[in-house]
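This briefing is intended for a reader meeting the structure for the first time.

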Amino acid sequence: MDSKRPFEIAECQQAAKGLKSSWQDMAGSEALIRALVAERNGDTPLALFWTEVHRALCQETNAF
């Protein structure tokens, strides 16, 4: 993810799938940790990307 350009929703969904396959039920927590680290490093666009990944994970979990 290049934080200098706007991200696509498809990229967020792909990242969500990758986190889910690696972290299973901890994928959401991992996405939020990555968002926190990015924000602390001054990379707000990357932090927004990871919060969007978290949102994608939440939507997937809440799909009935």
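The loop between helix 1 and helix 2 contains Gln-24. In this predicted model, Gln-24 has a positive phi of about 45°, although it is not a glycine. Most residues other than glycine have a negative phi. With a relative accessibility of 46%, Gln-24 counts as partly exposed.

**Helix 1 and helix 2**

- The axes of helix 1 (residues 9-23) and helix 2 come within 8 Å of each other and cross at roughly 120°.
- Helix 1 is therefore oblique to helix 2, since an angle must lie between 65 and 115 degrees to count as roughly perpendicular and over 145 to count as roughly antiparallel.
- The crossing of these two helices is right-handed.
- On the side of helix 1, Leu-19, Lys-20 and Trp-23 take part in the meeting of the two helices.
- On the side of helix 2, the residues they meet are Ala-27, Glu-30, Ala-31 and Arg-34.

**Salt bridges**

- How many salt bridges are counted? The count comes to two salt bridges.
- Side chains of opposite charge can pair when their charged atoms come close.
- Arg-34 and Glu-30 are four residues apart in helix 2 (residues 27-40), so about one helical turn separates them.
- Which of these two partners is buried? Glu-30 counts as buried, at 13% relative accessibility, and Arg-34 counts as partly exposed, at 30%.
- Another salt bridge links Glu-52 with Arg-55, whose closest N and O atoms are 2.4 Å apart.
- Glu-52 and Arg-55 both lie in helix 3 (residues 44-61), where they are three residues apart, about one turn of the helix.
- Arg-55 has a relative accessibility of 41% and therefore counts as partly exposed.

- Is Glu-52 buried or exposed? Glu-52 has a relative accessible area of 19% and is therefore buried, because the limit for a buried residue is under 20%.
- Where in the chain does Glu-52 lie? Its place is in helix 3.
- Apart from neighbours within four places in sequence, Glu-52 is in contact with Phe-7, Ile-9 and Cys-12.
- Of these contacts, Cys-12 is 40 residues from Glu-52 along the chain, yet the C-alpha atoms of Cys-12 and Glu-52 are separated by 6.4 Å.

**The protein as a whole**

- The secondary structure comes to three helices and zero strands.
- Read along the sequence, these elements follow the pattern α-α-α.
- The protein has 64 residues, of which buried residues make up 31%.
- Among the contacts with a separation of 6 or more, 57% are between residues 24 or more positions apart.
- The protein exposes about 4500 Å², and carbon and sulfur atoms supply 56% of that area.

How values were computed:
Residues numbered from 1 in each chain as written. Predicted model: local features only at pLDDT ≥ 70, side-chain atom pairs only at ≥ 80, totals over all residues. Heavy atoms only, no water. Buried < 20%, exposed > 50% of the residue type's maximum accessible area, 1.4 Å probe, protein only. Contact = heavy atoms within 4.5 Å. Areas by Shrake-Rupley, 256 points an atom, 1.4 Å probe, with all protein chains shown as cover. Salt bridge = Lys/Arg side-chain N within 4 Å of Asp/Glu carboxyl O. Axes fitted to C-alpha atoms, helices over the stretch in contact; angles between N-to-C directions. Parallel < 35°, antiparallel > 145°, perpendicular 65-115°, else oblique. Left-handed = near helix turned anticlockwise from the far one by under 90°.
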